[in-house]
Amino acid sequence: MSGHVPTSSAFKSNSQEALVNRNLQAALRGSRGNFIAKRAAARANVPEFDDIRDQARDMKNHVLANLDLYLEAYEKKVTEAGGHVHWAETAEDARRIVLDICRKSNAKTVNKGKTMISEECGINDHLAENGIKPVETDLGEYIIQLRGEIPSHIIAPAVHVTVPEIEEAFRKHHAHLPPDRDLSELASLQAEARSELRAKYFEAEVGITGANMLIAETGQSVIVTNEGNGDLSQSLPKVHIVMASLEKIVPTLEDSATLLRLLARSATGQEMSVYTTFSSGPKRSEDPDGPEEYHVVLLDNGRSNMIGTEFEEMLRCIRCGACMNHCPVYQSVGGHAYGWVYPGPMGAVLTPSLIGVEEGGQLPNASTFCGRCEAVCPMRIPLPKMMRSWREREFEKNLTPSATRYGLGVWAWAAQRPWAYRLAARIANRSLGITGKSKFSKLPLAGGWTKFRDFPAPQGGTFMDQWKAGKR
Amino acid sequence: MSAPRVALLVTCLVDMFRPSVGFATVKLLEDAGCTVEVPQRQTCCGQPAWNSGDREHAKALAAQVIEEFEGFDYVVAPSGSCAATVVKDYTEMFKGDEAMVTRAKALAAKTHEITSFLTDVLGINDVKQALTTSVTYHDSCSGLRSLGVSEQPRKLLGSVEGLELREMVENDVCCGFGGTFCVKFPDVSNSMVSDKTRNIADTGADMVLAGDLGCLMNMAGKASREGRNFKARHVVEILAGDTKTPAIGEDK
């Protein structure tokens, strides 16, 4: 089992709890619309945005078709620069590799830049269990670490937390805080986190960051942040570990620029994130600073099995979060309801790929196929189509609930026999019409509908019967 | 040029719940000079099976639609969702069966949602109706994002004398219907439709219009439960001048 124990199969009850969680709902309402408006404005300023999307899609498709070649080229460059590439087939492998490096460095404290791969592998818990203290340095990650939570959003991990809840977490964990210290505003919270974290940067023996991209041509890893925490995490400790999944590779420096033009605009509506950092390996003799050791942990964890399947295109994802920002389901229930590391539409496709459709199968069902995610995806990933493919896999594996299967079977039997279909429609129509009501507040077998809405009654008579009878 | 022969894809919801939408569609097509026929063996486009992952039943129903409709000049549906299934999904369903893909493509090329058929294909910009009312228009997802139906209904509504269109915020956000989604995840669906009815009510419009009956029944059903005072109608009812028929869920 990798990292967090998933509760994705309980999406339905998770979402019911989320909908009555007042703090969560307040936080979601507060952030809703911000991302959308900012992305729309940033996108509108780049007339060639859709052309860049096409280029990026084609480039990434090319990479996926030649992944082995690019990964080997990348490894060669990293090695030449004095770094080490570690191949982790599973999350367990990644945990072992990271712990080994930390132990060899006699690490007591590890600073973390934001990395979803670390979340996927459950690195924090693993380090803590082995007596090493992980410290998250991204503000959002820091907040949820204090609260003992996992991220609810891939770029805004604490988007589900309200300001009073942040204050509560700080007062609980920052023991030195005088009670009259004002923490009611975001700015004062940021200042408090900053002063707490600054000291920690100098304590850590190892820094772990993620990677938004790995560049085969140069052997560099790239991170984008808005807080500068990633830079401090990776350049101050004597060991830097990059955790990345293998599809993060791009062929050239130029290609990384293509993705950078899309990434921040799609994510936060910025033209560029505040910091974009290219790491080229350990400190060279002429460098004034930098880590003495540079390690890259390349995680597969099921991704290579997606290549050649109907889910391959998911590997184009650059983790901007636009899909969840625009998803009405995500915006209603938040990220934790999805029950594992990756929420929203991208999570609904990726989660079953990584932890199995038996556990993750509810997620691709929890979509109206409204298509807003695909419309905004900078990498043109056909998310609804892939969610439908998961439903098809479930159907083939007999995982579709039996009532649904039975209902579909009866309906499809009749729909292939127009006489039977007409008859059934007529009977249903008459039995609903017989009461003379215009709507129903309760109906047998329609509790899912009438729990929250009235059911409009049919007008009376089917169209097909009336047309046949000559009505015009 | 002889009148184009148009086959009406009635859609199962219109057939069962609101035949007046079918008749309004026929009127709009006939007023536009089309000859309308209603293929008698039609039942459903197959979307419920397709979206549930049941490829075999979806293909069987798609084959039935192709067989029944391919002989006409055009196929028109009062639904962006059903039209999108024919236009976008049929070729995907038959992947690997070249003969059926060819037929599916040919059918897709002549299948249209009603408002885009009137404007984009027939070039009609004026429905010659008058009605003093205020409306707001909900963009149903499939029509909007799969078929690009957005300006077409607004253009036609703009031609109705006395009609005022008041756009709601988030008019392009899903209402939470989603076919079986609304009964599989009723609580999430409820959250979505509650946002929608609030946005509709905030415009102060007399009624909400849309191009898909599923979305309309969802919004009308929620509005009724909440005691909202706006009505819900399919956009073709207003375009065809049918306001005598009670609105969706309204007392006769």
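The second largest cavity has a volume of about 100 Å³. A cavity here is a set of points, on a 1 Å grid over the protein atoms alone, where a 1.4 Å probe fits but cannot get out; the volume is the space filled by probe spheres set on the points, which are joined across faces, edges and corners. Rolling a probe the size of a water molecule over the atoms shows where empty space is left. This is a predicted model, in which local features need pLDDT of at least 70 and side-chain atom pairs count only at pLDDT 80 or more, while totals for chains, interfaces and linings use all residues. Residues are numbered from 1 along each chain as its sequence is written, chains are lettered from A in the order in which they are written, and side-chain values use heavy atoms, leaving out hydrogens and water.

Lining residues have an atom within 4 Å of a point. For the second largest cavity there are 15 of them, and Cys317(A), Cys320(A), Cys323(A), Cys377(A) and Pro378(A) lie nearest its centre. This lining divides into 13 nonpolar residues, one polar and one charged. Ala, Val, Leu, Ile, Met, Phe, Trp, Tyr, Cys and Pro count as nonpolar, Asp, Glu, Lys and Arg as charged, and the others, Gly among them, as polar.

The count comes to six cavities of 30 Å³ or more. The lining of the largest cavity has 13 nonpolar residues, four polar and no charged.

The next topic is the interface. Chain A brings 63 residues to the contact and chain B brings 71, where contact means heavy atoms within 4.5 Å. The area buried between the two chains is about 6,000 Å², and carbon and sulfur atoms give 60% of it. Buried area is the accessible area (1.4 Å probe) that two parts lose on being put together, summed over both. In chain A, Phe452(A), Gln459(A) and Phe463(A) lose the most area to chain B.

Seven salt bridges are found across the interface, each a side-chain nitrogen of Lys or Arg within 4 Å of a carboxyl oxygen of Asp or Glu. Lys385(A) forms a salt bridge with Glu92(B).

Key:
On a 1 Å grid over the protein atoms alone, a cavity is a set of points where a 1.4 Å probe fits but cannot get out, and a pocket is an open set with protein on both sides within 12 Å along at least five of seven lines; lining residues have an atom within 4 Å of a point.
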